[in-house]
Amino acid sequence: MKRLRKNNGFTLVEMLVATLVLVLIAGAITVGMRTTSAVFWKHDFAASSDTLASTVNDALSDVLRYAEYDGVSGDGTALFSNDEYNVSGGKFMLSQDGTNAASVGKLYIVDASDAKALVNVGSYDSLGITDFSITYADGIYSGKYTITDGSESKSIDFAFRTLK
């Protein structure tokens with residue numbers, strides 16, 4: 001007896017092989033996307049932190065190059081005066097105010113009468129500054145700070161000679 005067979009479709013084995021190939025391709029794409037995403041965010045942090053460091057260092061140098069040394073505060077921070085910025089006995093301070101999340105980790109110039117943001121608070125929303133320290137010796141203000149986004153961090157050192 002002759003068996004009749006139609007050749008209109010795929011066999012079960014062919015369908016399973018095609019499904020397996022699609023699963024392997026989807027897995028490879030997923031791994032590639034995760035790797036690409038991680039590299040993108042790492043480079044994004046590097047670029048953003050370099051821009052912020054440049055901006056903060058420019059702002060620090062503007063203030064400190066024409067500052068006069070006023071001694072040391074109780075917490076060991078160098079105090080300074082700068083007539084151009086209307087600062088007398090001022091120091092740099094990081095905001096730690098948890099009630100305003102946008103200002104946490106931002107750098108301010110603080111004196112007896114006022115607190116001024118060193119860099120516009122909205123300029124670097126996704127990044128914060130931690131571990132800021134500054135000292136004075138022989139006409140040079142020097143220090144360091146860390147830029148962080150929560151998962152990555154970068155340490156920055158600075159030194160500026162006063163012109164006064």
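User: Are Tyr-145 and Phe-158 buried or exposed?

Analyst: Both Tyr-145 and Phe-158 are buried. Buried means under 20% relative accessible area, exposed over 50%, and partly exposed in between (1.4 Å probe, protein chains only). This is a predicted model: local features need pLDDT of at least 70, side-chain atom pairs count only at pLDDT 80 or more, and totals for chains, interfaces and linings use all residues. Residues are numbered from 1 along each chain as its sequence is written, and side-chain values use heavy atoms, with hydrogens and water left out.

User: Why is Phe-132 called buried?

Analyst: Its relative accessible area is 15%. That is under 20%, so Phe-132 counts as buried.

User: What makes Phe-158 buried?

Analyst: Phe-158 has a relative accessible area of 6%. The cut-off is under 20%, so Phe-158 is buried.

User: How many aromatic pairs are there?

Analyst: The count comes to nine. Rings of Phe, Tyr and Trp (its six-membered ring) pair if their centres lie within 6.5 Å; planes under 30 degrees apart are stacked, over 60 edge-to-face, the rest tilted.

User: Why is the pair Phe-132 and Phe-158 called stacked?

Analyst: The centres are 5.9 Å apart, within 6.5 Å. The planes are 20° apart, under 30, so the pair is stacked.

User: What makes the pair Tyr-145 and Phe-158 tilted?

Analyst: The centres lie 6.1 Å apart, so the rings pair.

User: Which residues form one aromatic cluster?

Analyst: Phe-80, Phe-92, Phe-132, Tyr-145, Phe-158 and Phe-160 do.
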